[in-house]
Amino acid sequence: PAAALTQRVAAGVRTALLAVLLLYRLAAAAAATSDAAGPRRRKVPIPAPPAPPDVAPGGLLPPSDHSLCPLCRRRRRAPTLVPDSGYAYCYSCIVPQLERTGACPVTGVRARPADVVR
């Protein structure tokens, strides 16, 4: 009778230990899976682009229609951007201007013909 009781208690303890070990392994596996997926990222809105630089004193006023070249005032042919100023011109208008002055005609920002983006 006492020996049988001891065996039952020992079997119950063994079962409880196995259950605790199983739960520990499951928790460790779940933690490893969530770490492997990487950190959760919040959706952050894309910020608005910066405002273009102001017109330089004595600078050329850009047309209200943004599709027009500030130099020839016609639709841009081969649109070309002066990156630091943010203004686009016709390629044939802006390259000679930059060669002469070395600056954007609207903002006065220093630029070279090699800086333009077509």
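Leu5, Val9, Val13 and Leu17 make a nonpolar surface patch of about 380 Å². Such a patch consists of residues with over 30% relative accessible area and no salt bridge, with nonpolar side chains (Val, Leu, Ile, Met, Phe, Trp, Tyr) joined within 5 Å; a salt bridge is a side-chain nitrogen of Lys or Arg within 4 Å of a carboxyl oxygen of Asp or Glu. Accessible areas come from the Shrake-Rupley method with a 1.4 Å probe.

This is a predicted model, in which local features need pLDDT of at least 70 and side-chain atom pairs count only at pLDDT 80 or more, while totals for chains, interfaces and linings use all residues. Residues are numbered from 1 along each chain as its sequence is written, and side-chain values use heavy atoms, leaving out hydrogens and water.

Val9 lies in helix H1, residues 2-36 (helices are DSSP runs of H or I with at least four residues, strands are runs of E with at least two, numbered from the N terminus). Val9 is partly exposed, because its relative accessibility is 48%, between the limits for buried (under 20%) and exposed (over 50%).

The largest nonpolar core has 13 residues, and Cys69, Val82, Tyr89, Ile94, Leu98, Cys104 and Val106 have the most contacts inside it. Strand S2 (87-90) and H2 each give two or more residues to this core, and H2 gives the most, with four. A core here is a set of buried Ala, Val, Leu, Ile, Met, Phe, Trp, Tyr and Cys residues joined through side-chain atoms within 4.5 Å.

Glu99 is also in helix H2, residues 91-101. Glu99 counts as exposed because its relative accessible area is 58%.

Technical notes: Buried means under 20% relative accessible area, exposed over 50%, partly exposed in between (1.4 Å probe, protein chains only). Patches are made of residues with over 30% relative accessible area and no salt bridge: like charges are joined within 9 Å, nonpolar side chains (Val, Leu, Ile, Met, Phe, Trp, Tyr) within 5 Å.
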